[in-house]
Amino acid sequence: MGTPQLLNDIISVVLLLAPSAAMLSLVLAGISLRREGTMTFAVGGGFTKWMFWAVVFLTLQPLLNWFPSFGVAAPLPSGGIATAWLSSIQSDVAQFVTNFVIGRIVPTLAAFFVLRAVLDAAAGQHPLPSVLAAMFLLGVQTTYSLLQSYNTGTQYATADVLDSLWTHLAATIMPIAAVLALVGAILNFATKKPFMRLVAVSLAMLTISAIWKLLNSMM
């Protein structure tokens, strides 16, 4: 007995909406970045959780290829969505996420975080979390395209994307963060505040790949 067409169409809707779910996960990651401050995201929390789910949604179809090796048949439907109303729902939801949420709501949300950064500074708090959240939200589409470029489409696609993200983090983002930490250290030195910790953090960021290789060699 073959799989009912309606069930095939429901599976197709879920798979076709996975990229939209990945984009929403990136938006939630940006909001978590503001809520968790400047360093919590590096050791786990909402930001890393939503980034992980964004990768999972983006590589959902290749990930399902593992089921046959577990003895569970998981034939994926092909040929599109035959049921008209399901096809309409999938198209409408995808357009809602792309045009309304990503195209209109996210830029407004980023602008709110810029205002929040000013208010944070006025209240004597650090404005950096709000600034980082605004920058991340404005770059959601770019981040999504970056994740897509890392998707190998194989059974190991999820791990491949995470590995590539680590390389991008160590090679591109960490040097920029190290420079920002040095700038913060200089400002602290000029205002007679503790600055050695920021210098140490900057050096650690510049040598993060070497630290990782050292840990691997010790295991």
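In which handedness of crossing does α7 pass α8? In this predicted model, α7 passes α8 in a left-handed crossing. A crossing is left-handed if the near helix is turned anticlockwise from the far one by less than a right angle, and right-handed if clockwise. Helices (H or I, at least four residues) are DSSP runs, numbered from the N terminus.

Residues are numbered from 1 along each chain as its sequence is written, and side-chain values use heavy atoms, with hydrogens and water left out. Local features need pLDDT of at least 70 and side-chain atom pairs count only at pLDDT 80 or more, while totals for chains, interfaces and linings use all residues.

Helix α7 spans residues 157-190, and helix α8 spans residues 196-206. The two pack at an angle of about 165°, with their axes 8 Å apart. Axes are lines fitted to C-alpha atoms, for helices over the stretch in contact, and angles run from 0 to 180 degrees between N-to-C directions. α7 and α8 are therefore roughly antiparallel to each other. Angles under 35 degrees count as roughly parallel, over 145 as roughly antiparallel, 65 to 115 as roughly perpendicular and the rest as oblique.

On the α7 side, the contact is made by Met174, Pro175, Ala177, Ala178, Ala181, Leu182, Gly184, Ala185 and Asn188. These meet Leu198, Val199, Ser202, Met205 and Leu206 of α8. Contact means heavy atoms within 4.5 Å. The residues of this contact of α7 with α8 divide into eleven nonpolar, three polar and no charged. Here Ala, Val, Leu, Ile, Met, Phe, Trp, Tyr, Cys and Pro count as nonpolar, Asp, Glu, Lys and Arg as charged, and the others, Gly among them, as polar.

Isoleucine 173 also has its place in α7. The C-alpha atoms of isoleucine 173 and methionine 205 are separated by 9.2 Å, although the residues are 32 apart along the chain. Isoleucine 173 is partly exposed, with a relative accessible area of 39%. Buried means under 20% relative accessible area, exposed over 50%, partly exposed in between (1.4 Å probe, protein chains only).

The loop between α7 and α8 contains lysine 192. Lysine 192 is exposed, with a relative accessible area of 80%. Its phi is near 60°, a positive value in a residue other than glycine. Most residues other than glycine have a negative phi.

Helix α7 also packs with helix α9 (residues 208-218). The angle is about 140°, and the axes are 9 Å apart. That makes α7 oblique to α9. Trp166, Ala170 and Met174 of α7 make this contact with Ile208, Ser209 and Trp212 of α9. Its residues divide into five nonpolar, one polar and no charged.

A further helix pair is formed by α1 (residues 5-35) and α4 (residues 84-122). They pack at an angle of about 0°, with their axes 10 Å apart. α1 and α4 are therefore roughly parallel to each other. The residues of the contact of α1 with α4 divide into 19 nonpolar, two polar and four charged.

Isoleucine 31 has its place in α1. Isoleucine 31 is partly exposed, with a relative accessible area of 27%. Isoleucine 31 and serine 130 are 99 residues apart in sequence, yet 9.2 Å apart in space, C-alpha to C-alpha. Serine 130 is also among the contacts of aspartate 120. Leaving aside neighbours within four places in sequence, aspartate 120 is in contact with Arg34, Gln125, His126, Pro127 and Ser130. Aspartate 120 lies in α4. At 4% relative accessibility, aspartate 120 counts as buried.

The structure holds nine aromatic pairs. The rings of phenylalanine 96 and phenylalanine 100 have centres 5.0 Å apart and planes at 25°, so this pair is stacked. Rings of Phe, Tyr and Trp (its six-membered ring) pair if their centres lie within 6.5 Å; planes under 30 degrees apart count as stacked, over 60 as edge-to-face and the rest as tilted. Both phenylalanine 96 and phenylalanine 100 lie in α4, four residues apart, about one turn of the helix. Phenylalanine 96 is partly exposed at 45% relative accessible area, and phenylalanine 100 is partly exposed at 41%.

Phenylalanine 112 and phenylalanine 113 form a tilted aromatic pair, 5.6 Å centre to centre with 55° between the planes. Phenylalanine 112 is partly exposed, with a relative accessible area of 43%. Phenylalanine 113, at 6% relative accessibility, counts as buried. Elsewhere, ring pairs link Phe52, Trp53 and Phe57 into a cluster.
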